[in-house]
Amino acid sequence: MGLRLSFETSAARLVGRLSRVAGRGGGTTLPGKLLWTLDPGAVSALAERLPAGAAVVSGTNGKTTSTAMAAAVLGTRHRLAWNNSGANLTSGIASTLLAARDAELGLLEVDELALPAVLEHVRPRVVCLGNLFRDQLDRYGELEHIAERWRTAVRSLPSQTTLVVNADDPLVGSLAEGRTSVLRFGIDDPRLARPALQHAADSKYCVRCGTPYGYAAAYVGHLGDYACPACGHRRPPLDLVARNISLDGLEGSSFELVTPDGSESVELPLPGLYNVYNALAATGVALSLGVSPGAIATALSGVRAAFGRFERVSIDEREVIVLLVKNPAGANEAVRALTDGGVPPVLVVALNDAIADGRDVSWIWDVDFEPLLAVADRIVVSGDRAAELALRFTYGGLPEDRLELEPVLPAALDRAVALAPRGARVGVLPTYTAMLSLRQSLTDRGLTRPYWEQ
């Protein structure tokens with residue numbers, strides 16, 4: 001196996017080098033695709049060589065940021081095999097393990113559908129499951145389909161594997177039932193709860209009996225303090241808790257982090273309640289690997305946004321803020337962050353329908369864009385499905401003289417920057433492939449680094 005593995009990995013690495021020489025980001029996935037084709041078992045062999053094992057992070061929203069936060073904590077203690085480019089399918093995982101020859105610890109963000117295969121081959125020490133939201137229905141299907149695949153994969157994990165779950169999500173929290181090595185995280189701050197469950201909320205029904213949950217507090221989508229009035233199924237007791245949360249608009253947030261090993265004050269330089277959830281997920285991973293709460297709090301205070309997730313770029317004396325949107329829950333939180341921080345006078349909203357975005361774009365009708373439409377001076381819609389956005393915003397009450405349609409994203413950004421006063425902010429809300437296109441344009445202008453170098 002050793003000679004065969006050496007040949008396979010050498011061939012795959014050569015493919016990656018050639019791709020990078022050609023100036024293509026495909027170097028993050030092509031080596032892994034080749035290795036997976038030659039011998040899927042090679043991924044298992046590479047994972048077994050990590051002396052500190054591996055941690056896996058998955059979920060619909062926030063997995064890239066949660067993994068980046070965990071990297072900020074763990075990177076000072078271990079040499080990491082971390083797929084920081086966001087290549088989170090099996091090919092990306094294989095490429096990551098190939099590239100990090102001297103790594104000690106694997107820190108792997110994993111796509112929801114790829115999770116069972118990755119768990120089978122990597123056999124991690126820690127598995128962190130953040131949430132399940134409606135996303136790319138044409139690819140994933142209903143949430144229950146993903147949850148059942150996860151449930152089967154979790155059952156196959158060794159008893160010593162620590163499972164870190166978001167207990168505020170009924171489907172995800174239920175995956176930990178019956179396991180002994182578990183950390184359950186959630187938020188306990190009713191002051192920040194929404195007045196009612198949003199109409200776009202997903203997991204509204206009891207996982208045991210199907211009765212609609214009642215919510216003492218709903219924080220992000222269907223995440224919150226839930227209980228079934230019929231059978232009594234409810235949010236379990238929390239091991240990791242965020243309390244006394246303060247949201248400082250677009251500047252950041254702070255909260256009290258309560259753990260089994262004590263409490264710490266956390267100053268997080270990222271905005272929004274959803275990033276508090278991401279910080280809790282990262283905390284669960286780090287605690288499971290032996291890091292103290294104090295060290296975690298210190299590291300979280302210095303985290304940077306993952307690429308495309310609340311990035312800031314200066315263009316012609318305007319600050320451009322990029323917030324990725326890809327489903328109703330995430331988009332609603334981006335709207336909430338912009339509303340709390342002061343809606344920029346000019347916005348770009350870009351909608352693509354590539355496979356990585358999801359072909360079905362009907363989800364835009366479930367997003368509460370209206371707080372932005374009521375305040376922004378001008379909104380430029382862009383992307384392959386810009387016309388659908390224009391229709392959605394028109395039905396939402398945006399006057400025609402405040403709406404512009406420019407399908408080509410770099411041109412849309414240039415138009416928005418030209419419309420914004422000097423010193424003002426420009427908000428950009430792109431779907432996934434639109435975000436990649438935007439970043440490529442910014443990289444070509446020398447304003448950002450290529451995403452695979454982040």
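## Around Ser288

The backbone oxygen of Gly284 sits 2.7 Å from a polar atom in the side chain of Ser288. That makes a polar contact, which is a pair of N or O atoms within 3.5 Å; within protein, one must be able to donate a hydrogen and the other to accept it, and residues adjacent in sequence count only if both atoms are side-chain atoms. Ser288 belongs to helix 10, which covers residues 273–288. Helices here are DSSP runs of H or I with at least four residues, strands are runs of E with at least two, and both are numbered from the N terminus. An α-helix has 3.6 residues a turn, so residues three or four places apart point the same way.

Leaving out residues up to four places away in sequence, Ser288 touches Arg125, Val126, Thr162, Val164 and Leu183. Touching, or contact, means heavy atoms within 4.5 Å.

## What you are looking at

This is a predicted model, where local features need pLDDT of at least 70 and side-chain atom pairs count only at pLDDT 80 or more, while totals for chains, interfaces and linings use all residues. Residues are numbered from 1 along each chain as its sequence is written, and side-chain values use heavy atoms, with hydrogens and water left out.

The chain has 16 helices and 17 strands. Of its 454 residues, 58% are buried. Buried means under 20% relative accessible area, exposed means over 50%, and partly exposed is in between (1.4 Å probe, protein chains only). Take the contacts between residues at least 6 apart in sequence: 70% of them join residues at least 24 apart. The chain exposes about 17600 Å², and carbon and sulfur atoms supply 51% of that. Those areas come from the Shrake-Rupley method with a 1.4 Å probe; for residues, only the protein chains shown count as cover.

Asn278 is buried, at 6% relative accessibility. The side chain of Asn278 makes a polar contact with the side chain of Ser66, at 3.2 Å. Not counting residues up to four places away in sequence, Asn278 touches Asn61, Gly62, Thr65, Ser66 and Met69.

Helix 5 (residues 90–99) is mostly covered, with eight of its 10 residues buried. Among them are Ser91, Ile93 and Leu97.

## Strand 10 and its neighbours

Now find strand 10, residues 252–259. Seven of its eight residues are buried, so the rest of the structure largely encloses this strand. Strand 9 (residues 240–248) runs antiparallel to strand 10, and six bridges join the two. Two strands count as paired if DSSP finds at least two bridges between them. Ser246 stands opposite Ser254 in strand 10. The hairpin of strand 9 and strand 10 has three residues between the strands, and in it Gly249 takes a positive phi near 55 degrees.

Strand 10 also runs antiparallel to strand 11 (residues 262–268), with seven bridges joining them. A hairpin makes the link from strand 10 to strand 11 through two residues. Ser253 has Leu268 in strand 11 as its bridge partner.

## Val313 in strand 12

Val313 is part of strand 12 (residues 309–315), and it is buried, at 7% relative accessible area. Val313 and Thr448 are 135 residues apart along the chain, yet their C-alpha atoms are separated by 7.8 Å. Beyond residues up to four places away in sequence, Val313 touches several others, including Arg318, Leu442 and Thr448.

## Rings that pair up

The whole structure has four aromatic pairs. Rings of Phe, Tyr and Trp (its six-membered ring) pair if their centres lie within 6.5 Å; planes under 30 degrees apart count as stacked, over 60 as edge-to-face and the rest as tilted. In Trp365 and Tyr395 the ring centres are 5.8 Å apart and the planes are at 70 degrees, so this pair is edge-to-face. Trp365 lies in the loop between strand 14 (346–350) and helix 13 (370–373), while Tyr395 is in helix 14 (residues 386–395), so the pair ties together parts 30 residues apart in sequence. Trp365 is partly exposed at 39% relative accessible area, and Tyr395 is exposed at 65%. Elsewhere, Tyr213, Tyr215 and Tyr226 form one aromatic cluster.

## Cysteines without disulfides

A disulfide is a covalent bond between the sulfur atoms of two cysteines. Here a disulfide is counted when two cysteine sulfur atoms are within 2.5 Å, and the count comes to zero. The closest cysteine sulfur to that of Cys206 is in Cys231, 3.5 Å away and too far for a bond. Cys209 is in no disulfide either, as the nearest cysteine sulfur, in Cys228, is 3.5 Å away. Cys206 is buried, with a relative accessible area of 5%, whereas Cys209 is partly exposed at 40%.
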